[in-house]
Amino acid sequence: MQLIILEPFSTGSHEKFVKILSFIFPQSSSYYELEGKKWHWRLQCSAAIYATSIPHQSDGNFVLLASSMVNLADLVALRPDLQRCKRKVLYFHENQYAYPSSSSSSSSSSSQRQSQSQTKTFNNDGYAQVMSALVADVVLFNSLYNLNSFLAGLKQQMAMIPKDCRPPTKILDQIQAKSRVLFFPIDRPLPYNPPQPLDSLHVVWNHRWEHDKNPELLFSALAKIRTRNICVSVIGEKTNSNSFPSVFSTNMSHINLLHFGYVEDVDEYRSVLKSADVVLSTANQEFFGISMLEGVSYGAVPLAPNRLSYQELYPRKECLYNTESQLCKRLENWAGDLDKFRNITRKKILAKINMEKFYLDGGGSLKNEYELCVMGGGGGEGGGGGGTWYGITSSIWCSFIAAIFAIICLRILISPHECLVGLGVDYNSQRISGKAELQAYYAGSSCAVSFAILSMRKGKVGLLVILCVLGGFIVGRFVNYNDNGKDNDEGYDGGAEVVFFAENVGAAITLVLLMFRD
């Protein structure tokens, strides 16, 4: 089956991602890339360009994968033949609700941007991505922060729309139900001989020289650090901006600079990372953080703000800071006892970071996840899995199983005595343990199946239902039986009634969740 890949902003991580896809799907891919410039116009106009440049598809035996810089809704409206594909996959490198952007300028310079999430203007770029997500069959995000900030931005923008013009709020659930987190793959380092350690703590700052990476904090912290046992490499990605923050042009004589400036050569860039002790971020905005993970892959300890995507990638206590003073203190402590840091502290911290899940050939089978999500079987809510099961949507499976549970519940609720007698329970001669065993079997099977279904759907409310059912069963088992464990005059005891009530209420709530989850 053919894979058509659309990337209208082919630069940086966007360009690298296309190369990664060509490695994962080498035989079946067609690529349509546009130069990575003027991101605002690319987002608004690339659909019309692709509508005239993509060859007509005579059949639907292909998958369409577009970055979130393509207005997918416009594209399939202009090209109905693309709508007939097996699936439409949308990949979010970033979202325009949380990304520093400008609605008044087409320039890509961050110095001319302001966060639209902090203004009261309608974010047209963000809403275009919402329409793309609604049209797509599978929506992929490179981090949970990216997904959550996108949904939060949409929710905030929905509140701005007049009620009589507002789309139904269920579009949030529709997008979330077909979304999942799929990490951006990192290259596994080739075997290498570690370089001779430096006499000072080597800190690498390897980010775009733009304002959203907050270089001002970097130089402010370096000026306040009280130890001289630190050397710094300020390198980064070349940008299309006409200018970069003025802080890079200030006097840096007080800083022990080892490297300064863009590193064009890949091998030279890797050699800097190999000698790094710490890879540092001061970013105000980060949807994933490829450069940080590249540093970690070569053995550097990550040190990043306690926000953004960093919270889901690194251990907070060891690797994240909240204030500038915490940043300075952490570097001072590590530099103060360099031998301890390199021989003990660094090894303990890196042992807590599972880099295998970021490699295509790692133990996390990231390559398999890409194949599954792109070519078939992906989806799932909020990073979960299983949008379709063998071609049948999960909502159909859920409804089918829910119907079975409904019949069981109704049967027991209408005639519990007959159900118990049918299983050989004698009310007059048997102790109450017979009914308790039946309840245990019923509760256990119901909870197990419900948990499996709801965990696939990532239903947080469903987990509470399960806990309620199990809690009711446990309470019922430990309630003292009437008449020393014998049936009372009505054929029930206090414990069994609690069990019965908890299980059937839990089953009823679970039924509602399963039927209306989508």
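Where in the chain is the place of N306? N306 sits in the loop between β13 and α11 (310-313). Helices (H or I, at least four residues) and strands (E, at least two) are DSSP runs, numbered from the N terminus.

This is a predicted model, in which local features need pLDDT of at least 70 and side-chain atom pairs count only at pLDDT 80 or more, while totals for chains, interfaces and linings use all residues. Residues are numbered from 1 along each chain as its sequence is written, and side-chain values use heavy atoms, with hydrogens and water left out.

**The whole chain**

- The protein chain has 20 helices and 16 strands.
- Of its 518 residues, 53% are buried. Buried means under 20% relative accessible area, exposed means over 50%, and partly exposed lies in between (1.4 Å probe, protein chains only).
- Among contacts between residues at least 6 apart in sequence, 76% join residues at least 24 apart. A contact means heavy atoms within 4.5 Å.

**Confidence**

- The mean pLDDT of the protein chain is 79, and 67% of its residues reach 70 or more. pLDDT is the predictor's confidence in each residue, from 0 to 100.
- Over residues 455-460, pLDDT stays under 50; the model has 13 contacts beyond four places in sequence for them.
- Residues 479-492 also stay under 50, with 25 contacts beyond four places in sequence.
- Where pLDDT is low, the predicted coordinates should not be read in detail.

**Around N306**

- N306 counts as partly exposed, at 23% relative accessibility.
- Neighbours within four places in sequence aside, N306 is in contact with Q311, R316, L320, Y321 and N322.
- N306 and C319 are 13 residues apart in sequence; C-alpha to C-alpha, they are 8.5 Å apart in space.

**Helix α14**

- Helix α14 covers residues 338-351, which is 14 residues. At 1.5 Å a residue it should span 20 Å, and its end C-alpha atoms are 19 Å apart, which agrees. The expected span is 1.5 Å times one less than the number of residues.
- The helix bends by about 40 degrees at T345. The bend at a residue is the angle between axes fitted to the seven residues ending there and the seven starting there.
- L338, F341, R342, R346 and I349 are the buried residues of α14.
- These buried residues pack against β9 (201-206), β12 (278-280), β13 (301-305), α12 (316-319) and α13 (324-336).

**Aromatic pairs**

- A pair of aromatic rings is described by the distance of the centres and the angle of the planes.
- Rings of Phe, Tyr and Trp (its six-membered ring) pair if their centres lie within 6.5 Å; planes under 30 degrees apart count as stacked, over 60 as edge-to-face and the rest as tilted.
- By this rule there are 21 aromatic pairs.
- W209 and Y262 form a tilted pair, 4.9 Å centre to centre, with 40 degrees between the planes. The pair links distant parts of the chain, 53 residues apart: W209 is in the loop between β9 and α8 (215-224), and Y262 is in the loop between β11 (257-260) and α9 (266-274).
- W209 is buried, with a relative accessible area of 4%. Y262 counts as partly exposed, at 31% relative accessibility.
- The rings of F219 and F248 have centres 5.7 Å apart and planes at 90 degrees, so this pair is edge-to-face. F219 lies in helix α8 and F248 in the loop between β10 (230-235) and β11, 29 residues apart.
- Both F219 and F248 are buried.
- Ring pairs also link a cluster of F17, Y91, F183, F184, F288, F358 and Y370.

**Nonpolar core**

- A nonpolar core is a set of buried Ala, Val, Leu, Ile, Met, Phe, Trp, Tyr and Cys residues joined through side-chain atoms within 4.5 Å.
- The largest nonpolar core has 118 residues, of which L6, L75, L201, Y314 and L331 touch the most other members. Helix α6 (residues 144-160) gives the most to this core, with six residues.
- Leaving aside neighbours within four places in sequence, L75 is in contact with L6, A47, Y50, A51, L64, V70 and L82.

- S132 lies in helix α5 (residues 124-135). S132 is buried, with a relative accessible area of 1%.
- Not counting residues up to four places away in sequence, S132 touches V70, N71, L72, A73 and L90.
- T52 is in helix α2 (residues 39-53). T52 is exposed, with a relative accessible area of 71%.
- T52 and R79 are 27 residues apart in sequence and 8.8 Å apart in space, C-alpha to C-alpha.
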